[in-house]
Amino acid sequence: MNNKAHDVEIVDRETGGGNKNLTGLTQKIMILTAFALSIFAIYTNGFSNIQEIYRNAIFLGFLLVLTFLLYPLSSKANKNKKMTVLDIILLIAGIAGIGYIILSYTTIHVDRHSQAITMDYVFAVITLIVLLEASRRVIGIFIPLLSFTAIIYAMFGPYFPGLFAHAGFTIERLLYRMYMTTEGVFGMTLSIASTYIVLFILFGAFLTVSGASQFFNELALAIAGRRRGGPAQVAVISSALTGSLSGSAVANVATTGSFTIPLMKKIGLKPQFAAAVEAAASTGGMIMPPIMGAAAFIMAGFLGISYTTIIIAAIFPSILYYAALIFAIDIEAKKQGLKGLSKDSLPIIKEVIKERGLLILPILIVIGTLLVGKTPLFAGFAGIVSVIIASWLTKDKSTRVTPKKAFEALVDGARGTIQVGIACASIGIIIAVVTMTGLGSTFAYNILELANGSLAIILILVMVTCIILSLGLPSTALYIIVAVTAAPALIQAGVNPLAAHFFVFWFGALSNVTPPVALAAYTAAGIAGADAMKTSWTALKLALPGFIVPFMIVYNPILILQTEPGTKNLWLVVTLACITALIGIFALAVSINNYFSMKLNIIERIGITISALLLIKPGLLTDGTGISILVILLLWNSYRNKKYTTMKQPVSA
């Protein structure tokens, strides 16, 4: 497969759009199914009190139908080819499996007192096979492979070595747990997908048809376009705004990259660097509230805390990540002597806000309703309604959400739900096995033993584990996997539970710019016409200052507003923690880019790196020492540059 085709496949897969070019009756069936899914989601979450198992099953049934309508057997399949016989068989089998559990659930658990019969197991096998094939088409081979491995591990537990050995489970017990209860495929993760996630995806779809993405781009351009390396700063701001809603790094690249990458190339940035900036900036969208790649909803479910607590906790870390990017970009622009765009070529902030400024209101309304204690479901509905109202109140008539645009948003929202929904259902298999076998606790024990109780070593081991486990996965899937495998190790080591989950999700998200499978970087490289692998390494370099933020969160949970009881002057403590964190991130950005006023010498670079590391762990001694070293070395670097500049100036006659 050539790179261009690979990039297209990534974008299609990640955005949930599918990559079959449907026509005729098949296209109409797909559109009606997608529309029906959105209407079902709105009805069941707003006007009905349907039982969880039935809501989840019907929701998954819609997703399976859309999957086999939209996604071909393989990436090599002809995209113009109509549905194959295999597609039709799998679609019918999926409907049969879902229909069976809907019709038989009460019979199994009430009439037969939870005693399964052969027919139950047959349909369980059919449904799991169809689901894993759907997962392979939508997400890739990793999740089905991991699910199959989990089933093998559950069945043949006695044959595994050492601590990983367990008594083992029969295939009947596994099938019962995964298909006939709400602790497997139809469990918590699919419940969150069929409620909170689908509503917020629909909210994003309504924002998109209203032209909000264009508004974000123009606003970012007006704010940062004239700065040094302005278009790169624009990429950071627009990706933060768009990514806060899409929550998908690759979809974010595809949305904003087509606008920002040509702008960056226009001022002289190399295609490779321009693509890397967009990839790193778009990856930050996964940790940017309010949606956070839908992981915020899952995290709230795992930790048993409110969704509002999660998004408030994410504010400062996400700001720190984007600050790290801006520092790195500014240093690179300074190094290359780049300028911003001319004032004449930029939109005027006042005019941008006047034309479409009301489109920011739905986001503020969503955040506001959550902050005053309303549920995410209420916030999602309020967001959708406010988009429609705001679109009709803006001066720009092209933003108005007409019935035609609303229909388009409902269809696009359903298509955007395919990936996250299928991922949540498939990972239910893995969660069931982890819960039944105690694998999470075993994995945590082994990490603690290997690190000999050292928190620093534990954090490094978990970081590497998260990046490896998350390679090539969408945000929701990657978070669930690292949450059930890696997070328990940190919690057992005494780390604050919310800080532990932020840590694992953060490094899972950064797999989007971590070679060799850096999907966001590959997508951006395709848009920029740059080498994919070189782009991923450059994106990783740009994002590296942000790598210390999770460590700061673990050592100083005040950054996510987790405090000890009785903490006084909370906001003063938070402010000081954020300032020292910003200084540490800046120090690391200077060290990695090897430049301040001029190129660093070896002593300056080592010293500034040490100062950044000292600022990770809070404390008067470490912070004071780190800041002192940094200030001294930066002043020395500025003095050397001034002296060098003076020596270069010609002596007047």
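Is Cys424 buried or exposed? With a relative accessible area of 0%, Cys424 is buried (buried means under 20% relative accessible area, exposed over 50%, partly exposed in between, using a 1.4 Å probe and protein chains only).

A quick word on what you're looking at: this is a predicted model, where local features need pLDDT of at least 70 and side-chain atom pairs count only at pLDDT 80 or more, while totals for chains, interfaces and linings use all residues. Residues are numbered from 1 along each chain as its sequence is written, and side-chain values use heavy atoms, with hydrogens and water left out.

Back to the cysteines. A disulfide is a covalent bond between the sulfur atoms of two cysteines; the cut-off here is a pair of cysteine sulfur atoms within 2.5 Å. Searching the whole structure turns up 0 disulfides. For Cys424, the nearest cysteine sulfur belongs to Cys466 and is 18 Å away. Cys466 is in no disulfide either, and at 0% relative accessibility Cys466 counts as buried.

Now for the rings. A pair of aromatic rings is described by the distance of the centres and the angle of the planes. Rings of Phe, Tyr and Trp (its six-membered ring) pair if their centres lie within 6.5 Å; planes under 30 degrees apart count as stacked, over 60 as edge-to-face and the rest as tilted. That rule gives 24 aromatic pairs. One of them is Tyr100 with Phe123, which is stacked, at 4.2 Å centre to centre and 10 degrees between the planes. Tyr100 sits in helix H4 (residues 85–111) and Phe123 in helix H5 (residues 118–138), so this pair ties together parts 23 residues apart in sequence. Helices (H or I, at least four residues) are DSSP runs, numbered from the N terminus.

Tyr196 and Phe297 are stacked too, because their centres are 5.7 Å apart and their planes at 25 degrees. This pair links distant parts of the chain, with Tyr196 in helix H8 (residues 188–209) and Phe297 in helix H13 (residues 295–303), 101 residues apart. Both belong to one aromatic cluster that also has Phe200, Phe203 and Tyr307.

| Residue | Relative accessible area | Class |
|---|---|---|
| Tyr100 | 14% | buried |
| Phe123 | 18% | buried |
| Tyr196 | 27% | partly exposed |
| Phe297 | 2% | buried |

Lys334 lies over the face of Phe596, 4.9 Å from the ring centre, and Lys374 lies over the face of Phe378, at 5.2 Å.

Methods: Helix = DSSP H or I, 4+ residues; strand = E, 2+ residues; numbered from the N terminus. Lys NZ or Arg CZ within 6 Å of the ring centre and 35° of its normal.
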